[in-house]
Amino acid sequence: MNPDHPNAEWSAVMFDILRDAGIGLFTHVPDHGNDFLIALAMEHNDTRTLLLTSEEEGVAICAGADLVGKRAILCMQSSGVGNCPNYLSLAKGANFPILMMITMRGDYGEQNPWQYPMGEAVDSILETMGVLNFKVERRDELEKATLAAVDASGKGQKPAAIVLSQKFLGAKGF
Amino acid sequence: MVKAPKANIDRRDILPQLFPKPEDWLFVSGLAGASCDAAALTGNGPNLYTMAGTMGAAVPMGLGLALSAPDRDVAVINGDGEMLMGIGSLVTVATAQPQNMTIVCQDNSMHRETGNQTGHTAGATNLETIAQGAGIISTMTIFEPDEIPAAQAFLADAPGPRFLVVRILPTMPCDFKRNFNMAECRVNFRRHFLENNNSSDNRN
């Protein structure tokens, strides 16, 4: 792992909160915004990672973990949210408390026009499918939003997403 | 269109032959006929989570179960249409390599639930070779009843994850009225599992 990674500091904070909450399985579709978090989960003995072919698999995998009392998270870029609504029937209809970590594209300073359509649809998709939306726009919101999502999807039994905006992550040049 | 080989296995009695002790397994079943047959197998037992939507989700849900309950045998029962809609999940299973996971795909080469429309496996598509290409370690296809003992041995002895395609006759599935309350089925499965597995980190 590269300690100079721009996301190293907050990823470590987020990872500790997630691990302390008993989240043991980190499913992911690779993204620059989650790669340090995933590297931490790969390295730690209490956690394992699982590479997906498409984001909706992560919804079902997290539901499977919940069936036996375990906790998992789906980490993905905002475009992947568009692959998930049908499987989020498990959240909205069956009360599986799916937890997600979403790194935004297409919101603040985005230069790739292909990212805007899905980026702009994330909030409404989450709301429509009954997933609570905990936004992070500034560094000082990270701990509270992560804890809120972890607690909502834990004892609260509600599907929840930590949504990291490009205002927080920074928009990449294109 | 390439014609698929003829199948002579009746879906309504194959699962009890493959799973003579269903209480020893944790099951997830995909939508439509697969869930009817799986519910008949277990008497809609709390060791089975059946689906009637989220087409394609059975394999990844079974994978989450298998990785989270590594000491239990986990089986996914699905159909060919369900399998193809979530076909990428075979790749994810192959990468994760859960040794305790078995997938039984009942392939009737059609979409019976929606009116018997022809499916891809009626033509050139071969699910077993797709699974091999995905990297699933153990794969098998059976067409005839006299191959069932070999399939039983495959489920018992082949290293996991295992992918078994059963080419079935185009009959109706088992006539079994299962519980469609998806939230109640979740609670029943969790409660039964957690009461029977004294998990120290049961948080809910």
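Here is a short walk through the two chains, one selection at a time.

This is a predicted model, where local features need pLDDT of at least 70, side-chain atom pairs count only at pLDDT 80 or more, and totals for chains, interfaces and linings use all residues. Residues are numbered from 1 along each chain as its sequence is written, while chains are lettered from A and ligands numbered from 1 in the order in which they are written.

**Chain A as a whole.** Start by selecting chain A, which has nine helices and six strands; these are DSSP runs numbered from the N terminus, helices being H or I with at least four residues and strands E with at least two. Its C-alpha atoms fill a box of roughly 45 × 35 × 30 Å along the principal axes. Of the 174 residues in chain A, 52% are buried, meaning that 20 or more other C-beta atoms, placed from the backbone, lie within 10 Å of a residue's own; 12 or fewer makes a residue exposed, and anything in between partly exposed.

**A parallel pair.** Next, select residues 23-28 and 48-51 of chain A. These are strands S1 and S2, which run parallel and are joined by four bridges; strands pair if DSSP finds at least two bridges between them. Click on Thr27(A) and you will find its bridge partner in S2(A), Leu50(A). Now follow the chain from S1(A) through helix H2 (residues 35-43) to S2(A): this β-α-β crossover is right-handed, so with the strands pointing away from you, the path from the first strand over the helix to the second runs clockwise.

**Around Ile73(A).** Center on Ile73(A). Beyond its neighbours within four places in sequence, it is in contact with residues including Leu18(A), Phe26(A), Cys62(A) and Leu99(A). Contact here means C-beta atoms, placed from the backbone, within 7 Å.

**Over to the interface.** The contact between the chains takes 32 residues from chain B and 30 residues from chain A. On the chain B side, helices H3 (58-68), H5 (88-96) and H8 (182-196) each supply at least two residues, and H3(B) gives the most, with eight.

**Backbone stops in chain B.** Select Gln97(B), in the loop between H5 and strand S4 (101-107). Its phi is near 50°, a positive value in a residue other than glycine, and with 14 C-beta neighbours inside 10 Å it counts as partly exposed. Move on to Ser109(B), in the loop between S4 and strand S5 (110-111). Here phi is near 60°, but Ser109(B) has 21 C-beta neighbours inside 10 Å and counts as buried. Finish at the peptide bond from Gly160(B) to Pro161(B), which is cis, with omega near 0°.

Note on methods
Two residues are in contact if their C-beta atoms, placed from the backbone, lie within 7 Å.
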